[in-house]
Amino acid sequence: MREFTKEQLAEFDGQKNPEKYVAVDGVVYDLTNVPAWSGDNHHGNVAGQDLSIAITHSPHGKKFLDDKPVVGKYIG
C-alpha cells in the first residue's frame with residue numbers, strides 16, 4: 001500500500017493532478033469520481049488534505065467513505 005506524506009497528498013488536489021485524494025484517520029481515499037467533489041472544493045474542504053477533523057462536522061460523517069476506493073496510508 002502506498003504511503004503519503006503531507007506534501008505528497010497535497011499533489012492530489014484536482015489541480016496539480018486530476019485525482020482528488022483525501023486522508024481520514026490515516027487512510028487515503030480517492031474521491032475523484034464523487035460528483036459532490038467535482039468542483040474546486042466540497043463545502044469549503046479541499047482535496048489533497050487530511051480531513052480527519054472536518055469529516056466529524058459533516059452531516060454524513062465517516063460513513064460516506066465506506067464505499068470509496070482506498071489508495072494508501074497517510075503518514076503525514
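Is F12 buried or exposed? F12 counts as buried, at 9% relative accessibility, where buried means under 20% relative accessible area, exposed over 50% and partly exposed in between, with a 1.4 Å probe and protein chains only.

The model is predicted: local features need pLDDT of at least 70, side-chain atom pairs count only at pLDDT 80 or more, and totals for chains, interfaces and linings use all residues. Residues are numbered from 1 along each chain as its sequence is written, and side-chain values use heavy atoms, with hydrogens and water left out.

**Aromatic pairs**

There are three aromatic pairs in the structure. Rings of Phe, Tyr and Trp (its six-membered ring) pair if their centres lie within 6.5 Å; planes under 30 degrees apart count as stacked, over 60 as edge-to-face and the rest as tilted.

| Pair | Centre to centre | Angle between planes | Class |
|---|---|---|---|
| F4 and F12 | 5.9 Å | 85 degrees | edge-to-face |
| F4 and Y21 | 5.8 Å | 90 degrees | edge-to-face |

Ring pairs join F4, F12 and Y21 into a cluster.

**Nonpolar cores**

The largest nonpolar core has 10 residues: V22, V24, Y29, L31, V34, W37, A47, L51, I55 and L65. Another core, of seven residues, lies apart from it and includes F4, L9, F12 and V28. Such a core is a set of buried Ala, Val, Leu, Ile, Met, Phe, Trp, Tyr and Cys residues joined through side-chain atoms within 4.5 Å.
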